[in-house]
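Have the sequence and the 3D view ready, and follow along as each part comes up.

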Amino acid sequence: MLEAADGAEALAMLAIASHRAAVVVSDVMMPGVDGFELLERLQRTHPDLPVVLGSGFHSHGALHTESAHRIAGFLDKPYSHSTVLEVVAAAIARGTDG
């Protein structure tokens with residue numbers, strides 16, 4: 001597992017080690033590069049990499065954005081470890097199904 005402090009760091013890490021990533025899990029609300037901008041950038045550079053977003057603020061509105069159809073999974077806060085595992089596993093499975 002790779003961890004980044006923010007979206008900019010995640011992009012930098014993926015530029016070097018994208019082969020190690022099966023999925024990206026990010027919060028929507030982050031300073032600098034937010035979750036949707038991260039999603040947009042990854043769609044250009046790593047279009048097959050599933051992105052799971054999570055939020056506790058306006059999450060239902062987030063699902064109706066222009067980028068919503070590109071989200072591999074969404075975690076509505078608060079969420080449990082088991083929910084994270086289920087959503088991430090489903091996102092990876094969909095990504096490998098092509």
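## A serine to start with

Find serine 55, which sits in strand β2 (residues 51–55). Strands here are DSSP runs of E with at least two residues, helices are runs of H or I with at least four, and both are numbered from the N terminus. Serine 55 is buried, with a relative accessible area of 0%. In this report, buried means under 20% relative accessible area, exposed means over 50%, and partly exposed is in between (1.4 Å probe, protein chains only).

Who does serine 55 touch, once its neighbours within four places in sequence are left aside? The list is Val28, Phe74, Leu75, Asp76 and Lys77. Contact here means heavy atoms within 4.5 Å.

## Where the numbers come from

This is a predicted model, where local features need pLDDT of at least 70, side-chain atom pairs count only at pLDDT 80 or more, and totals for chains, interfaces and linings use all residues. Residues are numbered from 1 along each chain as its sequence is written, and side-chain values use heavy atoms, with hydrogens and water left out.

## The overall layout

Step back and you'll find four helices and three strands. Starting at the N terminus, the elements go α-β-α-β-α-β-α. The protein has 98 residues, and 36% of them count as buried. Now take the contacts between residues at least 6 apart in sequence: 47% of these join residues at least 24 apart.

## Two helices side by side

Next, look at helix α1 (residues 7–17) and helix α2 (residues 35–45), whose axes come within 10 Å and cross at roughly 20°. The axes are lines fitted to C-alpha atoms, for helices over the stretch in contact, and angles run from 0 to 180 degrees between N-to-C directions. Angles under 35 degrees count as roughly parallel, over 145 as roughly antiparallel, 65 to 115 as roughly perpendicular, and the rest as oblique. So α1 and α2 are roughly parallel to each other.

Which residues meet where α1 and α2 touch? From α1 come Gly7, Ala10, Leu11 and Leu14, and from α2 come Leu38, Arg41 and Leu42. Sorted by class, this contact has five nonpolar, one polar and one charged residues. (Ala, Val, Leu, Ile, Met, Phe, Trp, Tyr, Cys and Pro count as nonpolar, Asp, Glu, Lys and Arg as charged, and the others, Gly among them, as polar.)

Side chains of opposite charge can pair when their charged atoms come close. How many salt bridges does the structure hold? There are three, a salt bridge being a side-chain nitrogen of Lys or Arg within 4 Å of a carboxyl oxygen of Asp or Glu.

One joins aspartate 27 to lysine 77, with the closest N and O atoms 2.4 Å apart. Aspartate 27 is in strand β1 (residues 24–27) and lysine 77 is in the loop between β3 (73–76) and α4 (81–97), so this pair ties together parts that are 50 residues apart in sequence. Lysine 77 is partly exposed, at 39% relative accessible area. Another pairs arginine 41 with glutamate 37 (2.8 Å, N to O); they are four residues apart in helix α2, so about one helical turn separates them. Then there is glutamate 40 with arginine 70, whose closest N and O atoms are 2.8 Å apart. Glutamate 40 lies in helix α2 and arginine 70 in the loop between α3 (59–62) and β3, so the pair links parts 30 residues apart in sequence.
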